[in-house]
Amino acid sequence: MAAEWFVGPIMDKIINACSDYLQEQVGWQMGIKKELESLRENHPKIQAVVFAANQAQISDQNHPINKWIWQLRDAIDEANDVLDEFEYMKHQEQLTTNTEETKKRKFTSFLSEIPCKILKIGERVLKRDPNLKRLEEAVQKLDKVSADVTTFLRLLDSTKQEQKEQEVDFYKTRETGSLPTNDLIGRGDAKEFVMQWLRKPSNEHRGTDLYRNISLLSIVGHGGMGKTTLLQHVYEDEMTKEFFDLKMWVCVSNNFDVKKVIVDMLSTLKKERPRLDESLDALQNSLRTEIMSKKFLLILDDIWEEEKKHDISKWEKVLAPLAYGKIDSGILVTTRMDSVATMIAKVIQKEKKTFKLQGLEEDQCLQLLNFHAFADVENPNDYKRLRFWTILQDA
C-alpha cells in the first residue's frame with residue numbers, strides 16, 4: 001500500500017468515523033475528543049511529511065523518518081482494524097434489531113429494547129465495552145505517534161535547505177563564461193562550420209513571423225565533447241566582434257529561471273546587473289530596448305530543459321524581447337539533448353538546425369591527453385620519451 005494512501009483516505013476515515021461516534025456515545029467523548037482534534041490538526045502535516053519523504057526516496061530503512069512512517073502505518077492499521085470490527089458489530093446489531101421487529105409488535109419491541117440500550121450506555125460510561133476501549137487505545141496510540149510530525153517537518157525543511165545549497169554549489173561548478181579556458185583541439189572544422197553559418201545571410205523565408213530576423217543553430221553532443229569550448233572560441237573570434245553589434249553569453253545549465261536568464265543577458269550588455277526582484281515585464285522591456293534594431297549574437301550554453309509544454313512557455317518569455325533585433329541576428333545553443341533543440345526551434349518558429357559534435361580522431365585524442373597531462377609542467381620537452389611512449393602504447 002502506498003504511503004500516501006494510508007495517510008490520506010484511511011486516516012480520513014479513522015478521524016471522521018471516530019468523530020461520528022463522539023456524537024452517539026455518552027461517556028466516551030471526553031476520553032478521546034482531545035486526541036481526535038490533535039489528529040485532525042496534524043493530518044495535513046503528516047501528509048506533507050510522507051509525500052516529501054517519498055519524493056526524497058530515502059532508501060535507508062533505519063533512517064529516523066522511515067522508522068516513524070512505519071510506526072505511523074502500524075498505528076493506522078491497528079485503528080483501522082478496530083473500526084472495521086466495530087462497523088461489523090453495528091451491522092450485526094442492526095440486522096438482529098430488524099429481525100426482531102418483524103416478529104414483535106412495535107410497542108413490545110420498544111419496551112424490550114429499553115433495558116438493552118440503558119445497559120450499553122452504562123457499559124460505555126463505565127468504559128466496560130471492550131471494543132470502545134480498544135478503539136480509544138488505538139486512537140491514543142495513533143495520536144502519540146502523530147505528535148512527532150512537527151519534529152520531522154523541521155527536519156525536512158532543514159534537508160530542503162541543504163539540498164538547495166548543494167544545487168547552488170553544483171550550478172556554480174558548472175557555470176561557464178565566454179572566455180576560452182582550453183585550446184581548441186580537433187575542432188577546427190566544427191568552428192569553421194559555425195563561423196560560415198554566422199556569416200551567411202539567412203535564406204529562410206522571412207515573411208511576417210515574430211522571429212523573422214533571427215537564425216538558430218543548436219550544437220548537440222554528449223557531456224565532455226567540447227561544445228562549450230567550441231563556442232567560446234567562436235564567441236571570442238574577431239569576426240564575431242566585427243559582424244555583430246551586440247554579443248551575449250548565458251550559461252543556463254539545470255538551474256533554469258526565466259528572470260535570471262534575462263538578467264544574465266542584460267548584465268552582458270549593461271555595466272550594472274539588474275535586480276532579480278524587478279518585474280518580468282520590466283526586465284523584458286529593458287532587454288528589448290537594448291537589442292532594438294541591433295544585430296546580436298546570443299549563446300545559450302548548457303540547456304537541460306526537455307521538451308514540455310511548461311518549458312516552452314518559459315522559453316517564450318525569455319526569447320520574446322529578442323524578436324526586435326536586426327536581421328541576421330543569431331542564437332547558438334549547446335545541449336546534450338536533441339529534444340532541447342526541437343523545443344527552442346518551436347519557440348522561435350524555425351525549422352530545427354543542429355550540428356552534432358562527434359568524438360575526436362585518435363591522434364586528436366592523444367594531443368588532447370598530452371595537453372592536459374603536461375599542462376603544469378614547466379618544460380614539457382624534458383618528458384619527450386614519456387610522451388613518445390604514450391603515443392606508442394596507444395598505437
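These legends go with close-up views of a predicted model.

Residue numbers start from 1 along each chain as its sequence is written.

Figure 1. Helices (H or I, at least four residues) and strands (E, at least two) are DSSP runs, numbered from the N terminus. Of the 395 residues, 39% count as buried. Buried means under 20% relative accessible area, exposed means over 50%, and partly exposed lies in between (1.4 Å probe, protein chains only). Contact means heavy atoms within 4.5 Å. Among contacts between residues at least 6 apart in sequence, 77% join residues at least 24 apart.

**Figure 2. Helix α8 crosses helix α9.** Two packed helices are described by the angle between their axes and the distance between the axes. Axes are lines fitted to C-alpha atoms, for helices over the stretch in contact, and angles run from 0 to 180 degrees between N-to-C directions. The axes of α8 (residues 188-199) and α9 (residues 227-235) come within 10 Å and cross at roughly 50°. The two helices are therefore oblique to each other. Angles under 35 degrees count as roughly parallel, over 145 as roughly antiparallel, 65 to 115 as roughly perpendicular, and the rest as oblique. The crossing is right-handed. A crossing is right-handed if the near helix is turned clockwise from the far one by less than a right angle, and left-handed if anticlockwise. From α8, the contact uses A190, K191, V194, M195 and L198; from α9, it uses L230, L231, H233 and V234. These residues divide into seven nonpolar, one polar and one charged. Ala, Val, Leu, Ile, Met, Phe, Trp, Tyr, Cys and Pro count as nonpolar, Asp, Glu, Lys and Arg as charged, and the others, Gly among them, as polar.

**Figure 3. Helix α9 is largely enclosed by the rest of the structure, because eight of its nine residues are buried.** The buried ones are K227, T229, L230, L231, Q232, H233, V234 and Y235.

**Figure 4. Helices α11 and α12 pack at an angle of about 35°.** Their axes are 10 Å apart. Their crossing is left-handed. Among the contact residues are I262, V263 and L266 of α11, and L283, L287 and I291 of α12. The contact as a whole divides into 10 nonpolar, two polar and two charged residues.

**Figure 5. The largest nonpolar core has 36 residues.** Such a core is a set of buried Ala, Val, Leu, Ile, Met, Phe, Trp, Tyr and Cys residues joined through side-chain atoms within 4.5 Å. L298, L300, W315, L319, L322 and I331 have the most contacts inside this core. Elements that each supply at least two of its residues include β1 (214-220), β3 (296-303) and α13 (309-319). Helix α11 gives the most, with six residues. Leaving out residues up to four places away in sequence, W315 touches V252, F256, L300, I303, E305, M343, I344 and V347.

**Figure 6. D302 has a positive phi of about 65° although it is not a glycine.** Most residues other than glycine have a negative phi. D302 sits in strand β3. This residue is buried, with a relative accessible area of 10%.

Conventions
This is a predicted model: local features need pLDDT of at least 70, side-chain atom pairs count only at pLDDT 80 or more; totals for chains, interfaces and linings use all residues. Side-chain values use heavy atoms; hydrogens and water are left out.
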